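Dear colleague,

I am passing on the structure we talked about, and you will find it directly below.

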Amino acid sequence: MDALPPFAELPVDEETLLARLAYLPAAADVPTAAAAAGVPPRLAHELMRSLTGKGLLTAAPGGAVRGTLYTLHPDIASQARALVPAIGPETLGRYLDALVDTAEQASRLLTPNHRMSPRPPADTGPTRPCDSSTA
């Protein structure tokens with residue numbers, strides 16, 4: 001792999017977005033990246049195009065629904081995660097919230113008369129299945 005541009009020369013907003021993208025478990029489209037980074041989609045798109053032009057992201061067609069998908073080379077991802085290690089949990093939380101919101105919106109469109117179950121409170125933690133021998 002060719003020498004990478006130093007991250008120190010990146011503008012702060014590009015550096016932050018790159019670090020957040022490095023924590024995502026899959027390729028990101030613009031809406032997903034915007035949600036994970038907490039920035040407007042237009043800004044996320046501009047930053048992702050700039051990072052692609054600098055060779056830090058790779059863009060690939062994602063189809064009619066998702067549009068362009070952006071990925072990081074594993075070496076770039078590990079370097080980017082090292083930039084701001086504390087943002088990993090927050091980034092993953094935003095990413096998962098965006099996925100759940102997207103699924104809920106799709107469900108409302110596909111089954112408009114179906115009632116959604118309320119989300120459990122955030123502080124309940126994981127539950128264990130009932131053991132029939134103790135019930």
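**Surface and overall build**

The protein exposes about 9000 Å², and carbon and sulfur atoms supply 58% of that area; accessible areas come from the Shrake-Rupley method with a 1.4 Å probe, and for residues only the protein chains shown count as cover. Please keep in mind that this is a predicted model, in which local features need pLDDT of at least 70 and side-chain atom pairs count only at pLDDT 80 or more, while totals for chains, interfaces and linings use all residues. Residues are numbered from 1 along each chain as its sequence is written, and side-chain values use heavy atoms, with hydrogens and water left out.

The protein has six helices and two strands, where helices (H or I, at least four residues) and strands (E, at least two) are DSSP runs numbered from the N terminus. Along the sequence these elements follow the pattern α-α-α-β-α-β-α-α. Of the 135 residues, 27% count as buried, which here means under 20% relative accessible area, with exposed meaning over 50% and partly exposed in between (1.4 Å probe, protein chains only). Among contacts (heavy atoms within 4.5 Å) between residues at least 6 apart in sequence, 61% join residues at least 24 apart.

**Salt bridges**

With a salt bridge taken as a side-chain nitrogen of Lys or Arg within 4 Å of a carboxyl oxygen of Asp or Glu, the count comes to three. One of them joins the side chains of Lys54 and Glu14, at 2.6 Å from N to O. Lys54 lies in the loop between helix H3 (41-53) and strand S1 (58-61), whereas Glu14 belongs to helix H1 (residues 12-22), so this pair ties together parts that are 40 residues apart in sequence. Lys54 is partly exposed at 35% relative accessibility, while Glu14, at 6%, is buried.

Arg20 and Glu90 also meet through their side chains in a salt bridge, with 3.6 Å from N to O. This pair links distant parts of the chain, since Arg20 sits in helix H1 and Glu90 in helix H6 (residues 88-110), 70 residues apart. Arg20 is buried at 9% relative accessibility, and Glu90 is partly exposed at 37%.

Glu90 has a further salt bridge, to Arg94, in which the closest N and O atoms are 2.7 Å apart. Arg94 and Glu90 are four residues apart in helix H6, and so are separated by about one helical turn; Arg94 is partly exposed, at 27%.

Not counting residues up to four places away in sequence, Thr91 touches Arg20, Tyr23, Leu24 and Ala36.

**The largest pocket**

A pocket is defined on a 1 Å grid over the protein atoms alone, as an open set of points where a 1.4 Å probe fits, with protein on both sides within 12 Å along at least five of seven lines, and lining residues have an atom within 4 Å of a point. The largest pocket holds about 230 Å³ of space, a volume being the space filled by probe spheres set on points that are joined across faces, edges and corners. Its lining consists of Asp29, Pro31, Thr32, Ala35, Val65, Arg66, Ala98, Leu99 and Thr102. Helix H2 (30-37), helix H4 (63-66) and helix H6 each supply at least two residues of that lining.

With best wishes
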